[in-house]
Amino acid sequence: MTNDANENKLSAARAAIEELPDEGVIGLGSGSTVRLFVIEVAKLVKAGRKLVGVPTSEGTRTQALSLGIPLLPDQGPWDIAVCVDGADEIDDRKDLIKGGGAAHTREKIVNYAARRNVIIVDESKLSSRLGEKWPVPTEVLPFGQGATARRLEAFGRTVLREKEGAIVRTDAGNLLYDVHTGPIDDAHALEAAMKSIPGVVEVGLFVGRADVVIVAGKDGVRRV
Ligand code: 5RP
């Protein structure tokens, strides 16, 4: 990650603070950009702002608790005013690929539960068509994983995610397959088709789920 990208992430994270309610429940996404945002939220809470979070990953939970941000129980339902989250790739229609941090299933649940969704990205995440830059992260149950992966191959090369030689697991203990679709024509149809495969828990395509996108780049911060 370049210094510029880190600076841009910080700028986007700080700009998202303006999107928060004076008080209430906020969704806390996952990833390195959101980590910077959570630090800013903690400053507000410390200063007396009555904000309560719903975390989208164990990583975010640990960070938020360590910084003194109160959290709601996992089971929901929650009355979430705004959720702030990152993305791996975003196209002109504000559709997203997420799940580079293995958290897209919880992220999608919280996104759908929120009245408003704010996505914070640095400009390296922009693309004209989803799938140009990223494969589609797909959470899969361990049972029958080979059979599920074989079906996913219909959409592109399907790779079990590993890190430093170890299989990556989601917070729920499931596996991740990255499906290299190439540029996607119809993300909504693809999401539905992939989700129809038994064993697929959730797909990292977020179609029509961003209300505001905050992009930080060399020309400053802009809202889309
Ligand atoms: C995690 C995600 C993240 O939002 C996405 O990977 C972006 O992360 P970062 O801010 O580190 O680039 O979807 O599952």
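This report walks through the ligand site of a predicted model, then takes a look at Thr 56.

Two elements give two or more residues each to the shell around the ligand, namely helix 2 (32-46) and helix 4 (104-113).

In total, 18 residues surround the ligand. If you want to click through the closest ones, go to Ser 32, Thr 33, Asp 88, Gly 99 and Lys 125. As for the make-up of the shell, nine of its residues are polar, six are charged and three are nonpolar.

## What touches the ligand oxygens

The side chain of Thr 33 has an N or O atom 2.5 Å from an oxygen atom of the ligand. Lys 98 also brings in its side chain, with an N or O atom 2.9 Å from a ligand oxygen. With Gly 99 it's the backbone that takes part: one of its N or O atoms lies 2.8 Å from an oxygen atom of the ligand.

How much of the ligand's accessible area does the protein cover? On its own the ligand has 380 Å² of accessible area, and the protein covers 91% of that.

## A look at Thr 56

Thr 56 is in the loop that runs between strand 2 (51-55) and helix 3 (58-66). Is Thr 56 buried or exposed? It counts as buried, because its relative accessibility is 0%, and the cut-off for buried is under 20%.

One of its polar atoms lies 2.9 Å from the backbone oxygen of Leu 28. For the backbone oxygen of Gly 29, the distance to a polar atom of the Thr 56 side chain is 3.1 Å.

Methods
Residues numbered from 1 in each chain as written. Predicted model: local features only at pLDDT ≥ 70, side-chain atom pairs only at ≥ 80, totals over all residues. Heavy atoms only, no water. Near = heavy atom within 4 Å. Polar contact = N/O pair within 3.5 Å; in protein donor to acceptor, adjacent residues only side chain to side chain. Areas by Shrake-Rupley, 256 points an atom, 1.4 Å probe, with all protein chains shown as cover. Helix = DSSP H or I, 4+ residues; strand = E, 2+ residues; numbered from the N terminus. Nonpolar A, V, L, I, M, F, W, Y, C, P; charged D, E, K, R; others polar. Buried < 20%, exposed > 50% of the residue type's maximum accessible area, 1.4 Å probe, protein only.
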